[in-house]
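Here is a brief report on one predicted model.

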Amino acid sequence: MVFSSTVFLFIFLPIVWLLYTLIPQKLLIVKNALLSVASLVFYAFGEPIYIVIMIASVLYNYLLAMLLSSKQGRSRKVLCTIAIITNLAVLCFFKYVPWLVTVINTSLNISLPVPGFTIPVGISFYTFQILSYVVDVHQGKTEVQKNFFDLFLYISFFPQLIAGPIVKYGDIKAQLASRQMTLDLTASGIRRFIYGLSKKVLISNTAALVAKAAFEATEPSSMLAWSGAICYCIQLYFDFSGYSDMAIGLASMFGFSLCENFNYPYSAVTIRDFWKRWHISLTSWFREYVYFPLGGNRKGKARTAFNRIAVFFLTGLWHGANFTYILWGMWHGLLMMLEQAFNFDALAKKKPLRPILRVYTLLAVTLGFVVFNSPSIGSAFTYIGRMFSFSGNIGDALALFSPYMCTMLLLGLIFSLPITPKLRELTSNGGKLEKTAQFFSYIFCIPLFACCIMSLASSSFNPFIYYIF
C-alpha cells in the first residue's frame, strides 16, 4: 500500500486515525497497539508473507539487545558483531543473491538457477533502523528497550516503514512512552501530508511521463535526452521528498515528530553540500555507523579518501542490486574527493563563484541520476552520449510538452528551490500577516487535495521510485 492510493486515502487512514482519536490519551498502550496492528495491515497489503520476516527480525534483535545489555567487555562486542553480520546477511540474501547469480551466469556463461523471490518491501529501511538500535545499545547511547511491543512499533510504524526517514531509536524513544495529540499537530500534519501528496501526484508523476518516454526511446534527440534527464531529477526529488513529507505529516497526526529528510538539495553549491541536503537520514546513518567507525578523517588523507569511497560504494549498493547504483555512488564519492583536494568549501564562500558552483553541482547530480535510472552502465553512457550529441529532431521532445506538463514542470523547478522558507521568513513577524499567511496555507490545501484526487482518478500511472529500495 502506498500513500498516494485511494485505498490508503479513503479507507485505511480515516479508519486508523478515527479509532486512534477515540482511544483516551491515558490508554497510550492501547494507542500503540492500534498503530502496531495498523502497521501490520499496511505492510501486509502488498507482501503478506514478508510480515513473518519483519516480525522475526524485530524479535531476534530485541532478544539479542537484551542479552547484550546484560554482558560486559568482549561479550558485548561479540554479540553486537553477530547482530551486524546476521542482519546484513538477511538483507543481502533477499536484495542481492538473485542479482549475483545472474552476474555469475553471464560472466561464466553458465545456467545456475536464479532465485525467484521478490525483495521484501522496506527491508533496507527497517534493517538499518534495527541495526542502529542494537549498535546504540552496545555503545551505551541508549538504554535497551524491555518492552517488545514498543520496539516493534518503532520499527513497523507505517508512516516511515516503507521508505523512511530512517529514524534512530533514541530520537523516538520518549515519544513511544509519552506524547500528545493536539489540534495544532493534527492540522499541521494534514497540511504537510497534502503538500507531500501534491509533490508526488501532481509534479513527480507528471515529470515521470517525460522521463519514461526519454529513457525508453531508442534514439532520443539531444533535446529529448536532456528533457528526460532533467525531468527524472524532478521526478525523483518530488517523489521521495513528497513521500518524506507525507510520512512526517502522518506521524504528526498521531503525535510523533520525525526528522527532516530533505533540505532543497538542488540549491546545493557542492556535492558535499548536496549530501547534507539529500536523503539526510541515510547520509547521517552512514556517517555515524560506517564513516566514523572506519576512522572518519582522523587517520590521514589516504585513509579519509578510502573511508569516503567505502561509504559511497555502500550508499550506491544500498539502493539496489545493479552496477549502475554502485557507479552512481562512486561518482559522488570521487567528486567529493576532488572537491576536498581543490578546497571547494572555501570557493563556495565567495559569492561571485556560487552561481558557477551551482551549475557544476546540478550538472554532476543530473549525470549521476542518468546512471542511477539506467538499466545498465552501457545504456547510461549511450544516453549521456545522446545528451551531448546536440543532434536529432527536437519534435520528439516538443510533442511531450502540453500546457499542463509545462505548468507542472515549472512549478517543480520553482519549488525545488528554497522559495517556501523565504516566504515563511518574510511573513513570520508574529502579527496579522503571519496569521493570514498561515490561514491561506491551510485553505489552499482543499483545492490542492481535490486536484490530487482528480489526478489519481483520471490516471493509473502512479509510480513510486523508492518503493523498490
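## Nonpolar core

The largest nonpolar core holds 129 residues, and F8, Y133 and F369 touch the most other members. Helix α10 (residues 222-253) gives the most to this core, with 18 residues. A nonpolar core here is a set of buried Ala, Val, Leu, Ile, Met, Phe, Trp, Tyr and Cys residues joined through side-chain atoms within 4.5 Å. Buried means under 20% relative accessible area, exposed means over 50%, and partly exposed lies in between (1.4 Å probe, protein chains only). Helices are DSSP runs (H or I, at least four residues), numbered from the N terminus. In soluble globular proteins, nonpolar side chains tend to be buried together.

This is a predicted model, so local features need pLDDT of at least 70 and side-chain atom pairs count only at pLDDT 80 or more, while totals for chains, interfaces and linings use all residues. Residues are numbered from 1 along each chain as its sequence is written, and side-chain values use heavy atoms, with hydrogens and water left out.

What does Y133 touch, not counting residues up to four places away in sequence? The list is N61, A65, T142, E143, V144, Q145, L151, Y154 and Y169. Contact means heavy atoms within 4.5 Å.

## Salt bridges

A salt bridge is a side-chain nitrogen of Lys or Arg within 4 Å of a carboxyl oxygen of Asp or Glu. By this rule there are ten salt bridges. Side chains of opposite charge can pair when their charged atoms come close.

One of them joins E288 and K141, at 3.1 Å from N to O. E288 lies in helix α12 (residues 280-294) and K141 in the loop between α5 (123-139) and α6 (148-156), so this pair ties together parts that are 147 residues apart in sequence. E288 is partly exposed, with a relative accessible area of 21%.

E260 pairs with R192, with the closest N and O atoms 2.7 Å apart. E260 sits in the loop between α10 and α11 (271-277), and R192 in helix α9 (residues 183-216), so the bridge ties together parts that are 68 residues apart in sequence. E260 is partly exposed at 40% relative accessible area. R192 is also partly exposed, at 24% relative accessibility.

K199 forms a salt bridge with D245, and here the closest N and O atoms are 2.7 Å apart. K199 lies in helix α9 and D245 in helix α10, so this bridge ties together parts that are 46 residues apart in sequence. Are K199 and D245 buried or exposed? Both are buried. Salt bridges that share partners join R192, K199, D245 and E260 into one network.

## Helices α5 and α6

Two packed helices are described by the angle between their axes and the distance between the axes. The axes of α5 and α6 come within 9 Å and cross at roughly 140 degrees. Axes are lines fitted to C-alpha atoms, for helices over the stretch in contact, and angles run from 0 to 180 degrees between N-to-C directions. The two helices are therefore oblique to each other. Angles under 35 degrees count as roughly parallel, over 145 as roughly antiparallel, 65 to 115 as roughly perpendicular and the rest as oblique.

On the α5 side, Y126, Q129, I130, S132 and Y133 meet L151, Y154 and I155 of α6. By class, this contact has six nonpolar, two polar and no charged residues. Ala, Val, Leu, Ile, Met, Phe, Trp, Tyr, Cys and Pro count as nonpolar, Asp, Glu, Lys and Arg as charged, and the others, Gly among them, as polar.

## Positive phi in two loops

N109 is not a glycine, yet its phi is positive, at about 55 degrees. N109 is in the loop between α4 (74-108) and α5. With a relative accessible area of 73%, N109 is exposed.

Y264 has a positive phi near 50 degrees, again in a residue other than glycine. Y264 lies in the loop between α10 and α11. Y264 counts as buried, at 17% relative accessibility.

N32 is found in helix α2 (residues 28-44). N32 is buried, with a relative accessible area of 6%. Leaving aside neighbours within four places in sequence, N32 is in contact with D150, L153, L176 and R179.

L64 lies in helix α3 (residues 51-69) and counts as buried at 10% relative accessibility. L64 touches L79 and A83, not counting residues up to four places away in sequence.
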